[in-house]
Amino acid sequence: MNKEIIEKLRRIGVDTESAIERFMGNEALYTKFALRFIDDKNYEELVNAVETGDGKKAFAAAHALKGICGNLSFVSLYHAASELVEPLRGGSMESARKRLPEFVRRYDELIEILREWKDEEERARV
C-alpha cells in the first residue's frame with residue numbers, strides 16, 4: 001500500500017495503522033480483507049431493505065457493515081453505520097431513511113479509494 005493511498009484513506013476516516021496492528025502487523029492480510037469489502041453484499045442489502053421498508057433486513061445488513069467497518073478500522077463509515085443500526089434496532093425506518101444518505105456518501109468515498117488501491121495492487125502483480 002503506497003503512501004498516497006494511505007493518505008487518501010486517512011482523510012476519509014480510515015485508521016490503517018490500527019487496522020494493520022489488529023491484523024498482527026500483516027499488511028498483506030489487511031490488504032486482502034480491506035479489498036474484499038468492495039464485493040461485500042451488505043451495502044446493497046441495506047439500501048434495498050431501507051427503500052422497501054424491511055426493517056429486519058436493514059438492521060441485519062447495517063449491523064454486519066458496522067462490524068466489518070470496525071474490524072477494518074473504516075472509522076468514519078463505522079460511525080455512519082452505527083447511526084443506522086441504533087434507529088433500526090428500535091424499529092425507526094424514518095430515522096434510518098434520514099441517515100442513509102450520509103452513509104451512502106461515506107461508503108462511495110471509501111469504495112472509490114478501495115478500487116484505486118485494488119487496481120494498484122493488480123498492476124503491481126503484473
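Mentor: Gladly! Let's begin with a term we will need: a crossing is left-handed if the near helix is turned anticlockwise from the far one by less than a right angle, and right-handed if clockwise. Keep in mind that this is a predicted model.

Trainee: Thanks! Which handedness does the crossing of α3 and α7 have?

Mentor: Find α3 at residues 27-36 and α7 at residues 93-125. Look at how one is turned relative to the other, using the term above. The crossing of these two helices is left-handed.

Trainee: And what is α3 relative to α7: oblique or roughly antiparallel?

Mentor: Two packed helices are described by the angle between their axes and the distance between the axes. Here the axes lie 10 Å apart, and the angle is about 130°. Roughly antiparallel needs an angle over 145 degrees. That angle therefore makes α3, relative to α7, oblique.

Trainee: How many nonpolar residues does the contact of α3 with α7 have?

Mentor: From α3 come Tyr 30, Thr 31, Ala 34 and Leu 35, and they meet Leu 114, Trp 117, Lys 118 and Glu 121 of α7. Sorted by class, one residue is polar and two are charged. The nonpolar residues number five.

Trainee: Glu 121 is on that list. What separates its C-alpha atom from that of Thr 31?

Mentor: Glu 121 lies in helix α7. Setting aside neighbours within four places in sequence, Glu 121 is in contact with Met 1, Thr 31 and Leu 35. Along the chain, Glu 121 and Thr 31 are 90 residues apart. Their C-alpha atoms are separated by 9.1 Å.

Trainee: Now α6 and α7: are they roughly parallel or roughly antiparallel to each other?

Mentor: Their axes are 9 Å apart, at an angle of about 165°. The cut-off for roughly antiparallel is over 145 degrees. These two helices are therefore roughly antiparallel.

Methods. Residues are numbered from 1 along each chain as its sequence is written. This is a predicted model: local features need pLDDT of at least 70, side-chain atom pairs count only at pLDDT 80 or more; totals for chains, interfaces and linings use all residues. Side-chain values use heavy atoms; hydrogens and water are left out. Axes are lines fitted to C-alpha atoms, for helices over the stretch in contact, and angles run from 0 to 180 degrees between N-to-C directions. Helices (H or I, at least four residues) and strands (E, at least two) are DSSP runs, numbered from the N terminus. Angles under 35 degrees count as roughly parallel, over 145 as roughly antiparallel, 65 to 115 as roughly perpendicular and the rest as oblique. Contact means heavy atoms within 4.5 Å. Ala, Val, Leu, Ile, Met, Phe, Trp, Tyr, Cys and Pro count as nonpolar, Asp, Glu, Lys and Arg as charged, and the others, Gly among them, as polar.
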